[in-house]
Every structure is written in structure tokens, then in C-alpha cells.
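Dear colleague,

Please find the structure below, followed by a summary of what was found in it.

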Amino acid sequence: MSQARNLVLIAVGLAILAIMPLFLSANLMNAVIKMMIAALFALAFTLAMGQAGMLSFGHAAYYGLGAFAALHLMRAVEMKLFFFPTPLVPIAGAAIGFLFGAVFGWLATQRTGVYFAMVTLALAELLFTLAPTWNSVFGGESGISTMRGASWGLSFGSDSHVYYLTLAWFVISAWCMWAFTKSPLGRLALALRDNEHRVRFLGFNTHVARTLIFAISCLFTGVAGALLAIANEATNYTIFSAQASANVVLQTFIGGAGTFFGPALGAATMTFFARVTSDLTRSWLLYQGLIFVLIMLFAPEGLGGIVSLHARKLRPGGWRHLLLPYLLCLVAALPLIGGLVFVVESIHVIMTDAYFAKRAAAGGAWVAYQLFGHTFEPLGPTTWAIPITLLGVGSLLLPMARRVTAAAWLLATQDQPPPSPRAMLSLQHPSRS
Amino acid sequence: MEYIVVSILNGVVHGLLLFMVSAGLTLIFGMMGVLNFAHAWFYMLGAYVGFTLTRLGGFWIGLLLAPIIAGLAGALVERYMLRRVHHYGHAHELLLTFGLAFIIEEIIKLFYGDALVSYQMPDYMRFAAFTIFETNYPFYRLFMGAVAIGMFVFLYLLLTRTRVGIIVRAATYRPSTVEALGHNLPLVFMGVFAGGSALAGLAGAVAGAFYPTGPNMAVDFGTLVFVVVVVGGLGSVVGALIASLMIGLFISFSVGLNVSIADLLGLFGLGNWANDIGGLFTLQLSTIANSMPFLLMLLVLLIRPAGLMGDRQ
């Protein structure tokens, strides 16, 4: 029953992704390509993190290596050294990813937990600091670039060709990774996460197993990197930065590392979020950080965890009890978000050099500023009333919404134990650490 | 000779600065097991508080209030955020502080913009302490070193000679026993976290006036303090001091040395072969100076994960 439903859901999702390019503008299509690449990266990262509990802080290393491998291959084809079909270029990324994943992984998996994270961080930082000085391989600070060659009757000149190429690789890789989680090695990964000692007592060579799992994760990370290289036709050493490694961690945990598709969801959502908000405001990283911290505090299993909790716990028809309370939560959250955004954006405008210059021109007076198409007086009563009202209304509504939702959750799940009252955003238990 | 003496001086001062930032981190990690990713961002916070207060009241007020404000921020973070996620495990705490680092940086950028701010030391401290090989050695470098040494002595005495230090050290090893003896363990944790953050804040206020103060200062330091803490041994203040000095000296020496692996192999008659291969073999030590700390950290993690002075993993 639920398996059939999942299949239908996946088929519908694929169909939507397949016909999407017909309706999308070039800009949006590019955004969807980046979302798919980010989703693939996050899925690959989760293979190591969610499955085997290896928190890697340097996955950008394999992502970047995959991208550089793909670019070198494409350059060789462009210089007519040999022929290689463009759609198969990600194989180069996969090979390099696996190779380096195996070598670096062999080193890193000798340690566990925080120490493992530190080793992966050190390896990625080594690459990041070496790359700009190593001209022949990484093209110095400017990086390397190339052109997509035509092959198989496709020119790969337009975005839609790249779109379908990315989609195909995304679907194939995601399916492979899903199949991997069902394989004996995939099951072993779960066992390693939960109790490595016991696995060792059962006679497995845990070091080899962990290395292999890490390398497979890096293999798909390399594919994602290669796809990025194909889409952008260029890259430079910043792809190795700690920032890039950080991003995938952020996205994965926002999506929920405990579920299979959660990270993909998180990565796609956050990439889209970044794309939209980075055009609108310079403070988008602040909002992204706030979302991350709020999810870490109140919904530690992430978006995917929330979805899967509902799928597991709700009794049939239970969602009817939750519809109104969730709407109430939304109503309570909107003024809070609105108030916060207003404050942040106001500060942002007032602290710019342009505004300082204006004030200086007006003899130090607090001149009016423009925000959201309106003019506000910094010391005017309405300017202060708006955020105070919004935040006040929101914080009054929030405890109410929390209580109502908690009661509704009981009704919707009935004989299940009640959720912790603090966890308003998620309504879930700390089931596992 | 001149090169060696100046390099040693600069390396020691840079190492002492590194120690100031990482001392708090190693205490926090050793005791609570929390690898506080946001630690370098408290250093950044300290520098910006120092900058703001220097403009408003004066350099010394900034120096006094920066650790207090950073410490308060640390206490709030521990009380209202870390404690909440404690039961999800250490990886979760690491991730939370990681998100926090983002937020601190972005809030600072919100107020101060993306450019460097001109945080300057007072003019009466801007003189040469002594002249060495026709180079004027700035007094402020010595001042930074003195603050760091003062901090080390203070920390060492606090941890080994006082009652508070005994409780803190005991809580590192047997937290539940300490609690059973009637000590308020959550308060001790909060105190250590606040204290560690305050030390980072003080380091920021002192160093920010000499080195550039800008939005990148935390990222530049962020991973380096991890190197110090890992190499020195998690939880060991003495180890952190040794590791900081080592890394500081290493960086200051390698910046000025133009040798490569090829030159080294040249001693054995393999120079031409290495030069032909190029790539890694011909990279100058000075250009890869920044990679060296990470190489060191990697080696320590793989060979002796407890670090130089650590006694447990």
C-alpha cells in the first residue's frame, strides 16, 4: 500500500521534472539544474553521514575534485586528443571521487566522531590551500574553463540539454544510492553507525567497510561535482573552501539526515531559497543561518524527519485534525518572520555608507530611508510600531498555536504518546541521538 | 641572522596570539566535549566590540568590556542553545555552534558592512620598543605577547591552585561524581563556556587593533584554532601553548623560505628529475606555508590523536 503510494509519488515527481523545461525561463531552468546538483551532493553526503554516522567536514574536496576531473576531460576532448561523449563525462568525476575517497577515507576512517570530522576538514583545507598555488592542475587562482562538446547528436549548447543530462544523472545516481542502502553493505553502514564494536565482534573488518562506504559516498559526490562543471563550464579553487563543505552540511541537516530523501529536499529548498533571497537582500546568509539553528534546536531530525514522522504516526484521516492548527501556526509565524525581516532590513539600510553620506549631507539628522517601496522615518512612531506590533502579535499567538497543535496532534495520532511540548515546530520526539 | 631573529620574534608573538584564542576552545572541549565551531567568531566579536568602544569611550574600556560581552554571549549560547541539544550528542552540538558562527558573522556584517573597519591602537602605544638590525620592532607586538603570557599564567594558576580550578578539572574527568558532591554542574559548564568565550573576546580586542579587523578574520582563524587544539591535545592548556608557539614559528619561518621538495631532492642528485615532474615538487615552501598547519594536524590526528599533551581520546 504505502510502497505503491511512494512509487506513484516518485513517478509524478519525475514526470513533473521531465516536462518542466517546457515552461521554465532560462534563469529558472538554471536554478533547477543547480537544485538537482545540490540535491545529489546532499544525498551523497548523507550516504556517509546519515547511513554510517561519519560527519565529514570536507566533502567539498571530492566535489571539487570531481569538477576538476570533468573539466580536464572536457578540455582534452576539446583539444581533440581523443573523443569522449559529453553525457558520460560525470564518469570521470565518479572515478576521481572514488579514488580519492578511498585514499583519504582510508586515513580518515581510522578515527571516529569529532576526530573523523577533523581529519576530513584537514584534508579539504590542505587541498584548498594547495590548489591556488598549483597552476598545472587547478589553474591557479583563476581556475580552468572549457566548452561542452557536441556528441550523440546533441549540441549541449542550450540549457535544456544540460537540464536533461543532469536529470538523467540525478535519477540514476539517486536510484543507485537508494539501492545501496538496501544492499548488505548499506545495512552494515547502519550497524556501524549504531554500534561499531559489535560489528567488529561479529567478524567484520570495520575499517575496510567504513572506507568503502566513504569512498562510495565520494563517488557520487564526484558525479555531482562533474555535473556542476558541465553546467558552469568552469571552476576554480574556491570550490574546495570550507564554506562549500559547510553548505552541504547545512543543507543536509535542514533536510534531515535521518531520512533518505530529506537531504535532497533540504538541498533543493535551500538552493532555491539562496537563489531567490540572494537577489533580494544581502542578509540572506543570516536568514539561512537562523533557519539552520532553529531547525537544530526545535526539529533536530530536519524537514524530512517531520514528513516521515507524519507518515509513520498519523492514523488514517488524522491529517484533518491537524490542518487548522497548522494554519494557526503559520498565522503565528508570519508576523514574527515579518517583524524580524523588517528589523534586519532596516538596520541593513541604515548602516550602509550611502545612508551615512545622506545623513552627513543633512547635517547629521536621521533622514528617511526607503524599504520595500515605502519611505520610513527612522525615528517616526510608525517605523517602530510596525515591527513591535508584528513581533508582539506573533509572540502572543505562538504559545496558543503551540497548545492547540499539541492537542490536535494527540487527536490525530490517538494512542501514540504526546510529543514534547517544546517542540512546536516539529512535534517530534528525540527518538535517537 | 637578522632573518632568524625577526622570524623568531614574530613567530612567538603570532603563536601567543593563537594561544589566546585557542586556550578557551581547548578548555571548553576538554571539559564539555563540545567542539565549539563558533569559537573564532567570539574572537571576531571581541574585536568589533573593541572597535566600537574605542570610538565611543576609549581603547582601555574596549579592552575591559570586550571579554565581558563575549563572555555574556557565550553564557547565553550555552544556557539557551547548547544545553537544549545536549542529549542529541556531540555532533549535534558541533552543528549548532556551526550555525551560530554563521549568525554571528552575518549580524556583525549587518552592522559594520563587508569592508575592513579601522580599529587602531591608541597613538601613545604606537612606538618602536627597540631597534634590531635597523628594523623598528613595534611595542604593540610585545604588548600582545605580554597579555597572552599573563593570560597563560592566570589560567594555569586558576586551574591548578584554586578551588574553582579543582572543581573544573574534576568535572572534566568525573562529571557525575562532581555533581554528586553537591556542585552545580550546569553552572560550572556555563562558567567554562563563558570563560572560554571571554578569553577569545579579549584576544580579539587586543589583536584586532594590530591585525586587520574585518568580516574574514574569524574564517581565517577558525580552522587554525582547531589545528592548535588538536595538535596540543584536547583539553590541555599547556599543550595549546606549545602547539601555538610551534605553529606560529613554523608559519613565520616558512613564509620567508624559498625551498621546494625539488631543492631538497637536489641534495641527493635528484633535483633535475623532480624539476621535470614539476607540480608538487617545485612548489616553494613560502607559497604553501598556509597548508603546513593542516598537514601537521593531519599527522597528529593519524599518529597520535591525543595530541602532544593530551592523555585520552
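Of the 313 residues in chain B, 46% are buried, that is, with 20 or more other C-beta atoms, placed from the backbone, within 10 Å of their own. The model is predicted: local features need pLDDT of at least 70 and side-chain atom pairs count only at pLDDT 80 or more, whereas totals for chains, interfaces and linings use all residues. Residues are numbered from 1 along each chain as its sequence is written, and chains are lettered from A and ligands numbered from 1 in the order in which they are written.

Chain B has 13 helices and two strands (DSSP runs numbered from the N terminus: H or I of at least four residues, and E of at least two). Among contacts in chain B with a separation of 6 or more, 77% involve residues 24 or more positions apart; a contact requires C-beta atoms within 7 Å.

Between the chains, 40 residues of chain B are in contact with 40 residues of chain A. On the chain B side, H4(B) supplies the largest share, 15 residues. By class, that side has 26 nonpolar, 12 polar and two charged residues (nonpolar: Ala, Val, Leu, Ile, Met, Phe, Trp, Tyr, Cys and Pro; charged: Asp, Glu, Lys and Arg; polar: the others, Gly among them).

In chain A, the axes of helix H15 (residues 319-350) and helix H17 (residues 381-413) come within 8 Å and cross at roughly 160° (lines fitted to C-alpha atoms over the stretch in contact, with angles from 0 to 180 degrees between N-to-C directions). H15(A) and H17(A) are therefore roughly antiparallel, the term for angles over 145 degrees. Their contact comprises 24 nonpolar, six polar and no charged residues.

Yours sincerely

Note on methods:
Buried ≥ 20, exposed ≤ 12 C-beta atoms within 10 Å, placed from the backbone. Contact = placed C-beta atoms within 7 Å. Parallel < 35°, antiparallel > 145°, perpendicular 65-115°, else oblique.
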